Structures are given as C-alpha cells and as structure tokens.
Amino acid sequence: MTGLLRVCAMVCGLLFFSISYAEGDIEAGRIKAETCLGCHGIDGYNNVYPTYKVPKLAGQNMEYLVIALNAYKSGERSHPTMRSQAATLSAQDIDDIAAFLASGGEQ
Amino acid sequence: MSFIKTLAIIAIVSLTTPVWAGDKTAGEEKAVSCTACHGAGGGAPISPQYPILAGQHENYLSQALMQYQSGERKNMIMAGLVAALSAEDVADLAAYFASQSSALRTLD
C-alpha cells in the first residue's frame, strides 16, 4: 500500500513539474519575441549558406519551440545566428517566447 | 562557340535549381512513418514536443531532414527514420508536407 502511494506521489510530482515547465506568459513573450520578427516575420525570408527559407513559427507547438530554443542555446543544434539569439535567454524567456509564438504570434 | 554557350547555360541552370524537385504524391506514400508521430498530413503531432510539419516551407523541411541525416541536428528518433532516405525521398517528403495546410504561418 505504501508502495502504491509512493508511485502515486511520484506521478503527481512529475505531472506538477511538467505542467509548471510548460507555463509561459504570452504578453511577456510578445515583447521578448520582437527580435524574432527580423527574420521570422518576413514572408519567404531566406537563410543563406545554405539557402532555405527560415521556418514559419506562428502556430507551432509550444513544447517543440522550447526544445528547439534550448537546443540552440546549448549548441546542440547548430546555427550561428540562432545560437547567439538563444544564448542569453533564461528558461522563463524561452517559455514566454514559445507561448507567444504558439498562440499565433500576433503583435 | 554556341556549344560552349549552351554548356554554360546548362551549368548555370543546374547550379541554380534544386537537385530534386519534390513530388508530393510520391511523398505522401513515403510519409507513413512520419505521420505516425506528426499526425495526418503532418498537421496534428501526437505529442506537443513534436513539430507541426504541414504548411512549413519546403526547403526548410528538406534542410532539416538532411541535417538529421548528417547528424548536424541530433534526435535519436529522427536519426533512425531518416537514415535510409535518398535525396529524392527527402525532396518528395518535403514537397508533401509543405503542400498540406495548417495553422502554421509567418509571424506578423
């Protein structure tokens, strides 16, 4: 019985963590995401060397955006511009920006 | 002289056009293992940790697939799935997912 309670407590703990992790402030994100517009706010804007269009971000899944920004920040995902953009973002900044973008990203 | 001119034109055209022009119909047939996680048409991922692919830029999608292939972009699940894709497969898949509609769009 205590074993079962322990498992329940662990599951609840994990749920609590994953929910609080996924909270972002859309309004704060709106301000923090202004720099993103320089590339991601121009329809058909090209990355160069190699050439491809920068991805559409508005409406993307929030948790994916958090993972992507963290991967740029750590250098796991290599892109010089995105790495320097993400380098100084706090976990809260990343959550806020991701929440804003996922919400549709309307200024 | 005109032969050299023709050669030059061919060289320029082949350098400025993609190696493969993707076939979205072929891409749909090849996309079965993709849609298992990214959802129908790549527009409804089974986990919010996975990106929406539907409506994303075609050459961004092919770039991402090639980066998973080269290991430049790291993800254990994706690494296994892209390993056997040819350049034509990559182009077809990118063409298919880019042609699907979703809420994904450029920031205003």
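Predicted model: local features only at pLDDT ≥ 70, side-chain atom pairs only at ≥ 80, totals over all residues.
Q: Let's start with chain A. How many helices and strands does chain A have?

A: Chain A has six helices and two strands. Reading from the N terminus, the order is α-α-α-β-β-α-α-α.

Q: And how much of chain A counts as buried?

A: That would be 29% of its 107 residues.

Q: How do I read a helix, say α4 of chain B? Why should its 13 residues span 18 Å?

A: Here's the general idea: an α-helix has 3.6 residues a turn, so residues three or four places apart point the same way. For the span, count 1.5 Å a residue: helix α4 of chain B, residues 58-70, should therefore reach 18 Å, and its end C-alpha atoms are 19 Å apart, which agrees.

Q: Which residues of α4(B) are buried, and what do they pack against?

A: The buried ones are E58(B), L61(B), S62(B), Q63(B), A64(B), L65(B) and Y68(B). They pack against α5 (76-82) and α6 (87-99) of chain B, and also against β2 (52-53) of chain A.

Q: What follows α4(B)?

A: G71(B) does, and its phi is positive, near 90°.

Q: How do I describe where the chains touch?

A: Interface size is often given as the accessible area lost when the parts come together. Here, let's go by residues: the contact takes 25 from chain A and 22 from chain B. On the chain B side, those are nine nonpolar, eight polar and five charged residues.

How values were computed: Residues numbered from 1 in each chain as written. Chains lettered and ligands numbered in written order. Contact = placed C-beta atoms within 7 Å. Nonpolar A, V, L, I, M, F, W, Y, C, P; charged D, E, K, R; others polar. Helix = DSSP H or I, 4+ residues; strand = E, 2+ residues; numbered from the N terminus. Expected span 1.5 Å × (residues − 1). Buried ≥ 20, exposed ≤ 12 C-beta atoms within 10 Å, placed from the backbone.
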